[in-house]
Amino acid sequence: MNMREPDWAYVARSLVKVLAVTAALFLAFSAVDRVLWLFTDFDERTARVYGTAARVANPDKRLFYGYSDAGGLLETTYTLWGEPLRAGPGEGETGYEIVENLFGAVRAPSLDGPSGSLADAITSVEADPDVDREPTEEARKTIDGLPQTLDAVAVVEFTHPMTTDRLVAFNRRHKLCGGGDVSYIYSPSYYDDSSGDPPLNAVVWNRDMTKEHSWEELNYQCETEPETALTEFRRWVGLLDEGDDLDEFGLSHGWLSGAAEEGVVYGLVVDNWKLADLRRLLDDPEVQTVHLAGVAFDLG
């Protein structure tokens, strides 16, 4: 058999062509990546949609702030920093990563929902509660048996869903101010074991959840804060698309849209309130009970 010598010049030319095409594709890919980052602002939308969704689904954490990486065509990473929400001093911040890939799928395994005693308290809130004074009496006995100056993290459950007007009247009656330490449960958690659908997290909202996206300092409206909070919640829900991947947070577009449209509050998540203030609420017929999630002495 007559073996011919390879045409090394042809091989070299082919190799140069392959390298040139590879370099051109790399440059084109980088250019598209940069254009998309500059003009479509993937990072900002990831922060606005998924960063806020993580806060909505995780009211058991104080998620203070977040930041994005440099952006990218393949995926965008948004990291939230925070700590578990509990009475007393914090125990140090932890990072929680949210990753959105090129196709819009989201990974956030450490932010799929609340856990612990506060989660149990939020889960206890019912969509259609029966007026039952026994839980009220149990909560009253528990709180009366503790020092009233203790700081508490708790859930205040109403006897019926409160419209914004009724909640404003409730605040005025008790001289309550909305702020960073009051969050609104717009929808209790939901699970139907007969349907096979995954459970849905409670929808809990506080205006601090979108604070880092605003250039303006938040001015809470004291007793009328529920009105401003609902307006801001509806504004955020209006940013969402049906294609947004909210499964990782135990939420859905329809679930959030329904809560925004209904606009009623089933309970409050309160952070570092005095037990004495919670005790006074138990005398109001519109309060079903107070679920204590944690108490601590005020060391300050």
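Let's start with helix 4, which spans residues 133-144 and contains E138. In this predicted model, E138 is partly exposed, at 47% relative accessibility. E138 also belongs to a patch of negative charge on the surface, where it gathers with E126, D128, D130, D132 and E134.

R140 is another residue of helix 4. With a relative accessibility of 15%, R140 counts as buried, because the cut-off for that label is under 20%.

## A bridge between distant parts of the chain

A search of the whole structure turns up 16 salt bridges. One of them joins the side chains of D283 and R140, at 3.3 Å from N to O. This pair links distant parts of the chain: D283 sits in the loop between helix 8 and strand 9 (287-296), while R140 is in helix 4, 143 residues apart.

## Around helix 8

Helix 8 covers residues 275-281 and includes R279. R279 is buried, with a relative accessible area of 18%. Leaving aside residues up to four places away in sequence, R279 touches R140, I143, D144 and Q148.

Helix 8 also holds R280 and D277, which are three residues apart, or about one turn of the helix. Salt bridges with shared partners connect E137, R140, D144, R279 and D283 in one network. As for R280 and D277, they form a salt bridge of their own, with the closest N and O atoms 2.2 Å apart. R280 is partly exposed at 49% relative accessibility, and D277 is partly exposed too, at 30%.

## A pair within helix 6

What separates R235 and E232 in helix 6? The answer is about one helical turn, because they are three residues apart in this helix (residues 225-239). R235 is partly exposed, with 48% relative accessibility, but E232 is buried, at 19%.

Here is a general point to keep in mind for such pairs: side chains of opposite charge can pair when their charged atoms come close.

## A nonpolar patch

Finally, a look at nonpolar side chains. F64, Y65 and Y67 make up a nonpolar patch on the surface, and together they have about 310 Å² of accessible area. Y67 belongs to strand 1, which runs over residues 61-68. The relative accessible area of Y67 is 42%, so this residue is classed as partly exposed.

Methods:
Residues numbered from 1 in each chain as written. Predicted model: local features only at pLDDT ≥ 70, side-chain atom pairs only at ≥ 80, totals over all residues. Heavy atoms only, no water. Patch = residues over 30% accessible without salt bridge, like charges linked within 9 Å, V, L, I, M, F, W, Y side chains within 5 Å. Areas by Shrake-Rupley, 256 points an atom, 1.4 Å probe, with all protein chains shown as cover. Salt bridge = Lys/Arg side-chain N within 4 Å of Asp/Glu carboxyl O. Helix = DSSP H or I, 4+ residues; strand = E, 2+ residues; numbered from the N terminus. Buried < 20%, exposed > 50% of the residue type's maximum accessible area, 1.4 Å probe, protein only. Lys, Arg positive; Asp, Glu negative; His and termini not counted. Charge placed at Lys NZ, Arg CZ, Asp CG, Glu CD. Contact = heavy atoms within 4.5 Å.
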